Every structure is written in C-alpha cells, then in structure tokens.
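Below is a short report on selected features of one structure. The sequence and the coordinates come first.

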Amino acid sequence: MFFHVIVTTECPLQCRYCFGEALKDTETGFRGFDLDYSLPERIDYDLDVLDRFCRRDDECVLILYGGEPLLCGDVVKQILDRVTVKHFILQTNGVLLHTLEPEYVNRFHTILVSIDGDEAVTDYYRGTGTFRKTIDNLKLITQNGFQGEIIARMTVMEQTDIHKQVTWLVENDDFPFSSVHWQLNAGFWDDFPRRAFTTWSEDGYNPGIRRLVNFWVQCMETTGTVLRLYPFLGITHSLLFGEDEALLRCGGGWINYAIQTDGHLIPCPTMWGMRDYYVGHIRHADPSKLKKVLVNEPCTTCDTYPVCGGRCLYANLTKRWSAESYRLVCGTVRNLVDAIARELPRIRRLIQCGNICLNDFDFMKYNGCEIIP
Ligand code: SF4
Ligand code: SF4
C-alpha cells in the first residue's frame, strides 16, 4: 500500500494554481459535504503510532507530502529514523531541499519535485526565483550522492505549451530530467467560467500531446531510450501488456490513501477534511483492509474507463466542473490514449528489432504520478 503523509499544510510559495485559486474559490462547490476546518497544520500524532500502522504492511511506501514537507525538516527526519517501511518518497517544491542533510535526502527512493518547465513558465506560475532555487538544489543533492529517481512534476494550464515545456525539461543542458509527469489543473476549483480551458485544450494541449508522443517515439528510434514521461509510460505499459486497469491509476481510494495531520485516513490528499470519506485512523486501521472509495458516473459507464480508470476521484465526487466542462477534460484523456495507440505498431517494431525492450516501460505504480493527467 501507498500512503501520502501530510506532514504540514503550510507552504512558503504562493503558486497561481494553488494559493491563487484558493483565494478566489467560493466553496459553493462543497455544499452538501461535511468538512472539518479545524485540522492541525502540522502532524499532531505520535510517530510510534504511524510506525505500528506501517509495520502491518510489508509493502508499505510512504510519500511525504504537504503543503511543503521540508518546512518541517525535523519531523521528516524523525519519520525517516523511526518509521519502518519498504520505501520513502518525497514530494516537494524543491526550494528547501538544501536544508535536509544528504544522509537523509539519500534515503529517498524517489523525489518528485514541482517544476512547470523552463524558467519563464515556472516562475510565472510559482513565483520569481523559484525555478533557479529548485534547479540549484537538485544539482546540490545530485552532487551529494542522491541516486534515486528525480521526477519533474508539472502542473499544466493555459500558459503551458506542453510540447515545448516537456521537451525543454528533458533536453536542456543545465539539469536535464529523464522523468517527467504532468497533471492538468482541471476540475479542482470552481474556476471554469474564468478560464480559457476550451480553446487551450482543443487548440494547444491536444495537438501538443500528439506532437510529444511522436517526439517520444522518435527518441526511442534515434537513441534507444524510453524517456520516463509518466503519462505515456503508464498508458503504453497497459496497452503493451493488455492490462485492463478500470481502477484509478493514481491509486486514490483503493491502494494509495493519505494520512491527515490528525491521523485520519482519507482516499487522497486533496480530500483533506472531507469527513464523509474518512476510512479510519492510523491508531486502529489495518492498512490492507481499508474501505475502498471508487469513482461513480460518468466514469463507470464510459468507453474509455478501462484505460483511463476514472482520472480523478476528487473531481469525480465533488463535480466542481459541470458535466459539459468536464467533457473537455475527458477529451484530453481520449486524445492522449488515441495518440499512443496510433504509435503502438512503431513501438512494437522497435521492441522486436531490439532497439528498446519491454522492461524499459516498467515503473513503480502509484508513486505519486497519477498517469492520467
Ligand atoms: S474519460 Fe472521463 S468519463 Fe471516461 S473514465 Fe476518464 S475521466 Fe471518466
Ligand atoms: S488524481 Fe485526483 S484522486 Fe488521484 S491523487 Fe490526484 S487529486 Fe487525488
């Protein structure tokens, strides 16, 4: 099982799609949900309780998450020292990575770092100077011996040219990433009327994805490398191996839960404080017997469900975007799946010729990359 540990809800940045949207959000989309607004800002339970909970599952993976977990560096170190799990993963904005000693950084199996592309686009979304601090810290941890996977985790919306930004991340000379994941800022806020999502998704993002899939396969042909672009990796893996997922690919609500700062378990970190969906508390719960929380309509009767898995439990349950608006998001999923399916014969040929191999498409599922953007 995978668990996002919400170390703190505090964050030193004020990103447009997170802090900025929260300021404009009306909360009308939460009518009918029972919300807990009094949760502690930082972990408020005994770490021995967390350790006992994790020890009940030999396959337990903890993803340290926030807010920004490194704002509580001491708690992060205590978790690494006192809790026994199979792997630790860190999801961070990167600006405080230099504050954690190498002996701790080097114990993470994977670090997902928020970066939205080149300096201009990252600083536009995340604040001036954020890009430089993040890249300098990534260079530092690499020099200090970090050998795990570093995944550039992008949030994408209307200012993002997906082809340009992903290719920049993997090809730049300063700090080229071999692993990239992205998620659309879509369906999380009551923001559709003030967005230009329709034009951007249809005229920019969808054609950009088709070009990017072509670039990805060209890299396989010319260099024999399967770049770890997670949305492509996950879908291609399923198509190559004939997997019929039909469950959320992020794992939310069935194999990847989150632990709130008060110790309650929720289906995903975004469902923070939504009492209707609490599935237990780490004091008493058995990690392998947690109640499943699954997506409802329209996903369960959608023809793309077997490969999509439902995209996002939070968006599906809260329905903060209307059905008509959300159809555009589903259009991006279909476009992505179709673009990869069209290239599958080319990929199969490369495998048959030995340019690449099936193992190149292996990855750790549920590691914080949702696969369906
Ligand atoms: S394409 Fe849309 S409706 Fe279909 S399963 Fe995915 S999110 Fe649900
Ligand atoms: S995709 Fe949705 S349900 Fe899954 S982890 Fe992200 S916010 Fe949660």
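## Cis peptide bonds

Proline 298 lies in the loop between strand E10 (280–281) and H10; helices (H or I, at least four residues) and strands (E, at least two) are DSSP runs, numbered from the N terminus. The peptide bond that leads from glutamate 297 to proline 298 is cis, with omega near 5°. A cis bond also joins glycine 66 to glycine 67, where omega is near 15°. Glycine 67 belongs to the loop between E2 and H3.

## Basis of the values

This is a predicted model, in which local features need pLDDT of at least 70 and side-chain atom pairs count only at pLDDT 80 or more, while totals for chains, interfaces and linings use all residues. Residues are numbered from 1 along each chain as its sequence is written, chains are lettered from A and ligands numbered from 1 in the order in which they are written, and side-chain values use heavy atoms, with hydrogens and water left out.

## Ligand shells

The residues around ligand 1 are Cys299, Cys302, Tyr305, Cys308, Gly310, Arg311 and Cys330 (a residue is near a molecule if one of its heavy atoms lies within 4 Å of it). By class, this shell has five nonpolar, one polar and one charged residues; Ala, Val, Leu, Ile, Met, Phe, Trp, Tyr, Cys and Pro count as nonpolar, Asp, Glu, Lys and Arg as charged, and the others, Gly among them, as polar.

Ligand 2 is surrounded by Gln183, Phe188, Cys250, Cys268, Thr270, Arg311, Cys312, Leu313, Tyr314 and Glu370. Its shell has six nonpolar, two polar and two charged residues.

## Leucine 313

Leucine 313 is part of helix H11 (residues 313–318). With a relative accessible area of 2%, leucine 313 is buried (buried means under 20% relative accessible area, exposed over 50%, partly exposed in between, with a 1.4 Å probe and protein chains only). Leaving out residues up to four places away in sequence, leucine 313 touches Leu248, Gly252, Gly253, Pro267, Met271, Val293, Leu294 and Val295, contact being heavy atoms within 4.5 Å. Leucine 313 and glutamate 370 are 57 residues apart in sequence and 11 Å apart in space, C-alpha to C-alpha.

## Positive phi angles

Lysine 319, in the loop between H11 and helix H12 (323–352), has a phi near 45°, a positive value in a residue other than glycine. Its relative accessibility is 43%, so lysine 319 counts as partly exposed.

Isoleucine 371 lies in the segment after H12 and has a positive phi of about 70° although it is not a glycine. Isoleucine 371 is buried, at a relative accessible area of 2%.
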